[in-house]
Amino acid sequence: MAIRPVLRMGDERLLRVSRPVAHFDTPELHALIADMEDTMQAMNGAGLAAPQIGVGLRVVMFGIVANARYPDAEPVPQTVLINPLITPLDAEIEDGWEGCLSVPGMRGLVPRHRRLRYRGFDAYGKEIDRTVHGFHARVVQHECDHLDGILYPMRIRDMRNFGFTETLFPGEPAGDD
Ligand code: NI
């Protein structure tokens with residue numbers, strides 16, 4: 001498969017609302033997912049949404065093993081999530097630092113629901129239904145936002161908490177996601 005260019009903030013395609021996947025387990029869908037996996041791995045990202053490689057379908061992927069950039073983050077299983085539906089479980093909102101492959105070199109403090117349930121399908125049309133919290137919940141919200149044309153800087157409440165990673169966090173290993 002192939003590493004695809006990741007669109008950057010300012011590209012109008014990142015602002016569109018993506019459409020649901022209608023057919024599962026097709027060669028086209030598997031090829032898209034393989035390209036997304038290659039691209040995410042090549043850029044050392046924690047997650048990627050199809051619109052970030054210019055494909056307007058409701059497909060996201062995410063996952064984190066131990067990562068030096070997220071020392072406090074619990075591992076998140078490698079997941080392909082299609083046509084996702086997020087349901088917050090309560091009103092609790094938590095701030096946390098985020099980055100994005102489409103906003104390279106920057107980080108921002110973003111409010112997200114702390115606890116949620118998410119449902120959707122894998123590439124074969126098998127149902128996914130998980131109840132998660134913390135960093136896992138944050139990653140899901142970030143990636144699913146891409147499907148509605150929302151980039152994390154749009155959610156920052158106090159723009160003083162938005163800046164260049166190397167300035168905000170000197171000494172941290174470089175990386176964008
Ligand atoms: Ni992103």
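Predicted model: local features only at pLDDT ≥ 70, side-chain atom pairs only at ≥ 80, totals over all residues.
Donors, as the word is used here, are N, O and S atoms within 2.8 Å of the metal (3.2 Å for Na, K and Ca), and since water is not among the atoms, sites may look incomplete. Residues are numbered from 1 along each chain as its sequence is written, and side-chain values use heavy atoms, leaving out hydrogens and water.

## The nickel site and the cysteines

The nickel ion takes its protein donors from Cys100 (SG), His142 (NE2) and His146 (NE2), at 2.1 to 2.2 Å. Along the chain, these donors follow the spacing C-x41-H-x3-H. Helices (H or I, at least four residues) and strands (E, at least two) are DSSP runs, numbered from the N terminus. In those terms, Cys100 sits in the loop between strand E4 (93–98) and strand E5 (106–113), whereas His146 belongs to helix H2 (residues 134–147); the pair links distant parts of the chain, 46 residues apart.

Burial is judged by relative accessible area: under 20% is buried, over 50% is exposed, and partly exposed lies in between (1.4 Å probe, protein chains only). Both Cys100 and His146 are buried, and the relative accessible area of Cys100 is 2%.

How many disulfides does the structure have? A disulfide is a pair of cysteine sulfur atoms within 2.5 Å, and a search of the whole structure finds zero. Cys144 is buried at 9% relative accessibility. Its closest cysteine sulfur, in Cys100, is 13 Å away and therefore too far for a bond.

## Two helices

The expected span of a helix is 1.5 Å times one less than its number of residues.

| Helix | Residues in helix | Span | Expected span |
|---|---|---|---|
| H1 | 16 residues | 22 Å | 22 Å |
| H2 | 14 residues | 21 Å | 20 Å |

For H2, 14 of the 14 residues are buried, so this helix is largely enclosed by the rest of the structure. The buried residues of H1 are Leu29, Leu32, Ile33, Ala34, Asp35, Met36, Thr39 and Met40. Strand E1 (47–49), E2 and E3 are among the elements that cover them.

Asp35 deserves a look of its own. This H1 residue is buried, with a relative accessible area of 9%. Contact means heavy atoms within 4.5 Å; leaving aside neighbours within four places in sequence, Asp35 is in contact with Met1, Ala2, Arg4 and Ile53.

## Nonpolar cores

A nonpolar core is a set of buried Ala, Val, Leu, Ile, Met, Phe, Trp, Tyr and Cys residues joined through side-chain atoms within 4.5 Å. Which residues have the most contacts inside the largest core? They are Leu32, Ile33, Met36, Val59 and Ile82, in a core of 18 residues. Helix H1 (27–42), strand E2 (59–64) and strand E3 (76–88) each supply at least two residues of this core, and H1 gives the most, with five. A second, separate core has 17 residues, including Ala49, Tyr118, Phe135 and Ala137.

Ile33 touches Val59, Met61, Val80, Ile82 and Ala123, not counting residues up to four places away in sequence.

Leu81 is found in strand E3 and is buried, with a relative accessible area of 0%. Not counting residues up to four places away in sequence, Leu81 touches residues including Val59, Tyr118, Gly120, Ile128 and Cys144. Leaving aside neighbours within four places in sequence, Pro77 is in contact with Phe62, Gly63, Arg130 and His136.

Two strands pair if DSSP finds at least two bridges between them. Strand E6 (residues 115–121) and strand E7 (residues 127–133) run antiparallel and are joined by seven bridges. Gly120 stands opposite Ile128 in E7. The hairpin of E6 and E7 has five residues between the strands, and Gly125 takes a positive phi near 90 degrees there.
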